[in-house]
Amino acid sequence: MNYELVTKQLLSLLGGKENVISAVHCATRLRLVLKDEKKVDQQAIEQLDGVKGAFSSSGQYQIIFGTGVVNKVYEQFVKEAGLQNVSADVHQEAVKQKMNPLARLAKTLSNIFVPIIPAIVASGLLMGLLGMMKAFKWVAPDSAWIVLLDMFSSAAFIILPILIGYSAAKEFGGNPFLGAVIGGIMTHPALLNPWGLGSAEPEYLHFLGFDIAMIGYQGTVIPILLATYVMSKIEKSLRKVVPHAVDLLVTPFITVILTGFTAILVIGPLGNIVGKGITTTLNFVYDTGGALAGLIFGGLYSMIVITGVHHSFHAIEAGLLADIGKNYLLPIWSMANVAQGGAGLAVFLKSKRTKTKEIALPAAFSAFLGITEPVIFGINLKYRKPFIAAAIGGAVGGAYVVFTNVVANAYGLTGIPMIAIVAPMGMANLINYLIGFAIAVGTAFVATWILGFKEE
């Protein structure tokens, strides 16, 4: 493959280098922000050597090259387009500017919570290990193993506001360390840890006519998000008026003291009410809707993925884990994702075009690993009926996992990798997840085969 030639042809078909604002790449795709996507010759791009598909999603025009190829194309592309000095932060900001307000909010929440996923997944796995050690009595109940693993597994949730404060401040344009400080204030040892509240009554502090319940915000999500947003606004406003000579002293001091008082007096209690309201509403829908709720959510989830709003669900799932210790939404999303893979697999077997087969098979397996954009935009949505078939598979699989109460103890993983955060919740939970997986994939595969599709 001649990377220089492909890059020059690609730039021309994108409307010239003056139409390209920024470029980055992931494991399989070249991701571009363009000034005007109407100038793109989609059909011609898909015929280029090495291109396995192209689509526009969430403010980016994405071209699928595949693992090992995309990084080489990217290196040549940024040289030809003169984008060597355009950073990833600039790209992310350009992406946001191309989105509608709802998609922009979802992208912001995604940028905050995705970096925290490794900590949450690690905690979930440790909780599973701890649960198995207790259930199978591998060690004595008062063993040092139990004590230490309990510390390790709960740590991420206890300091969750600090993690979110750091990540959110970075996203909101504030100082991430000040964000972590605000998280530290809201989880200070002087405040009663709600994780160990039990029947204990918190003390009350009388301040400026307010009765402040000395309860911490360990494991919460909404309060620290709101507090960090306010902190970032205060900090950025101060930096505009405080002289540079004293900025290092004055700005952090005023920012922390104003945000600290606001967080403890107003934002914390209000955020708790909002967070508990969201959890209560979801619990009500889940408990009363049952399998019907799974059917609807599983069927519609892929439509939500197209809009990009699904990224905001990380915040909701983190709230569920903090409030009730389990995530019943992720198994539904997983069914929708693997159903897209099932439909893509059917397209691979039924298609007569070599290029379609080249895209469909790896894209389908990517969906089984939790990455659905290649199969949705590269195959299923392109031919329409496979996408409908995948929605049917996601609906049926979603109904099953809700009916059998499948849950996870973390967020961020779907498909095959999700087994790691489903298994710790019990053998029956794992078996029902795998059955739901098979139902979603099988239903989508059969539906695609029956509905068929017309190749261009």
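These notebook entries record what I looked up in the structure.

**Basis of the entries**

I worked from a predicted model, in which local features need pLDDT of at least 70, side-chain atom pairs count only at pLDDT 80 or more, and totals for chains, interfaces and linings use all residues. Residues are numbered from 1 along each chain as its sequence is written, and side-chain values use heavy atoms, with hydrogens and water left out.

**Entry 1: the annotated stretch**

I began with the UniProt record, an unreviewed entry, which places the feature "domain: PTS EIIB type-1" at residues 4–87. I noted that UniProt positions are given in the numbering used here, that feature names are shortened, and that annotations may be inferred rather than shown by experiment. Over residues 4–87 I found 32% helix and 26% strand. Helices (H or I, at least four residues) and strands (E, at least two) are DSSP runs, numbered from the N terminus. The end C-alpha atoms of this stretch are 22 Å apart.

**Entry 2: α5 and α8**

I next examined helix packing. Two packed helices are described by the angle between their axes and the distance between the axes. The axes of α5 (residues 101–113) and α8 (residues 160–172) come within 8 Å and cross at roughly 135°. Axes are lines fitted to C-alpha atoms, for helices over the stretch in contact, and angles run from 0 to 180 degrees between N-to-C directions. The angle makes α5 oblique to α8; under 35 degrees counts as roughly parallel, over 145 as roughly antiparallel, 65 to 115 as roughly perpendicular and the rest as oblique. I recorded the crossing of α5 and α8 as right-handed, a term that applies if the near helix is turned clockwise from the far one by less than a right angle.

On the α5 side I listed Thr108, Asn111, Ile112 and Phe113, which meet Ile164, Ser167, Ala168, Glu171 and Phe172 in α8. Contact means heavy atoms within 4.5 Å. The residues of this contact divide into 5 nonpolar, 3 polar and 1 charged. Ala, Val, Leu, Ile, Met, Phe, Trp, Tyr, Cys and Pro count as nonpolar, Asp, Glu, Lys and Arg as charged, and the others, Gly among them, as polar.

**Entry 3: α14 and α19**

I then turned to α14 (residues 330–350) and α19 (residues 427–451), which pack at an angle of about 40° with their axes 7 Å apart. That makes α14 oblique to α19, and their crossing is right-handed. The residues of α14 in this contact include Ser334, Met335 and Val338, and those of α19 include Tyr433, Gly436 and Phe437. I counted the contact residues as 15 nonpolar, 4 polar and 1 charged.

I found 9 of the 11 residues of α16 buried, that is, under 20% relative accessible area, with exposed over 50% and partly exposed in between (1.4 Å probe, protein chains only). Among the buried residues are Glu373, Pro374 and Tyr383.

Arginine 384 lies in the loop between α16 (373–383) and α17 (385–403), and it counts as exposed because its relative accessibility is 60%.

Phenylalanine 403 is in α17 and is exposed, with a relative accessible area of 64%. Its C-alpha atom is separated by 53 Å from that of leucine 238, 165 residues apart along the chain.

Asparagine 405 also has a positive phi, near 60°. I placed asparagine 405 in the loop between α17 and α18 (419–422); at 48% relative accessibility, asparagine 405 counts as partly exposed.
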